[in-house]
Amino acid sequence: MKIIRVKDYQELSRVASQLMIDLLQKKPNATLGLATGSSPIGLYQNLIQSYQRQEISFAEVKTYNLDEYCGLPRSHPESYHNFMHRHLFHHVDIKEENVHVPSAEGNNLQAQCDAYNELLHQATIDLQLLGIGGNGHIGFNEPGTSFKTETFVVRLTDKTREDNKRFFNSLDEVPTHAITMGIHNIMQAKEILLIASGKGKQQAVYELVHGPVTETFPASILQQHSHVTVVVDEEAAALL
Ligand code: F6R
């Protein structure tokens, strides 16, 4: 694992986005695995600016997102489909047919998981972007998830729902389930870029880097991936 320590969220967003920009310049038809949440927002802003300066294009880029809430229509402001369009896709020249976010609408969620998993099997993700949950989740693989899992419906832990309450009016509105890429899917990416910022991530970053590899802390599996870069700001790196 390569650890890059930076001062703050702004520098984290700059350094992490530069890694993605370098890839897109080298490989304009790259396949990216993307994440939602607070961590990547600055990175996405930098990608948009780089696109506006005509340094990169998304015309040939394909994307696969990690996860999607169940029970929210795609049009809901907090669906991850909507999040990705608002924070990145609407602002660049990506083709809608090259954008993949799990669909968690309708009654047959297992069929939706199987369909997304099939798409993942056919793709090769060049660079997978990850945030990390305070409880060590990556994607929505909550503690205790088998490292062998592929795309599945997960029941979100109380901690994750509490952490994500900030995006909703109340805890009751936070979905209880999501569809997520499994750990096994994530580990297939050629390269992984994990970003973590702020005090709330201190313990998780410590476990990620120094803890035992255990299913009770899902992100620990990344110690066994051959090409991982972790960009952490001072607050998140405080226990390293
Ligand atoms: C998001 C995702 C999650 C988040 C994690 C951190 O698609 O899969 O694993 O990366 O919950 O979220 P933030 O960045 O909001 O702290």
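**A close look at S7 and its surroundings**

Mentor: Let's start with S7, which runs antiparallel to strand S8 (residues 177–180) and is joined to S8 by four bridges. Bear in mind that this is a predicted model, where local features need pLDDT of at least 70 and side-chain atom pairs count only at pLDDT 80 or more, while totals for chains, interfaces and linings use all residues. Residues are numbered from 1 along each chain as its sequence is written, and side-chain values use heavy atoms, with hydrogens and water left out.

Within that pair, Val154 sits opposite Ala178 of S8. By the rules used here, two strands pair if DSSP finds at least two bridges between them; strands (E, at least two residues) and helices (H or I, at least four) are DSSP runs numbered from the N terminus.

S7 belongs to an open, antiparallel sheet of three strands, ordered S4-S8-S7. Its edges are strand S4 (67–69) and strand S7 (152–155), and each of them pairs on one side only. On average, neighbouring strands in this sheet are turned by 30° against each other, direction ignored. Such angles run from 0 to 180 degrees between N-to-C directions, using axes fitted to C-alpha atoms, for helices over the stretch in contact.

There's a second sheet too: seven strands, open, with parallel pairing in the order S1-S10-S9-S6-S2-S3-S5. Strand S1 (2–6) and strand S5 (99–100) have a single partner strand each, so one side of each has no neighbour in the sheet. Inside this sheet, strand S2 (residues 31–34) and strand S3 (residues 62–65) pair in parallel over four bridges, with Thr31 bridging to Lys62 of S3.

S4 also leads us to the largest pocket: S4, helix H3 (80–87) and helix H5 (158–164) each give at least two residues to its lining. A pocket here is an open set of points on a 1 Å grid over the protein atoms alone, where a 1.4 Å probe fits and protein lies on both sides within 12 Å along at least five of seven lines; lining residues have an atom within 4 Å of a point. The space comes to about 540 Å³, a volume being what probe spheres set on the points fill, with points joined across faces, edges and corners. Of its 31 lining residues, Thr36, Gly37, His137, Asn164 and Lys201 lie nearest the centre. The lining splits into 13 nonpolar, 13 polar and five charged residues (Ala, Val, Leu, Ile, Met, Phe, Trp, Tyr, Cys and Pro count as nonpolar, Asp, Glu, Lys and Arg as charged, the others, Gly among them, as polar).

H3 has a helix partner as well: H2 and H3 pack at about 45°, axes 10 Å apart. That makes H2 oblique to H3, because under 35 degrees is roughly parallel, over 145 roughly antiparallel, 65 to 115 roughly perpendicular and the rest oblique. Ile41, Tyr44 and Ile48 of H2 meet Phe83, Met84 and His87 of H3, contact meaning heavy atoms within 4.5 Å.
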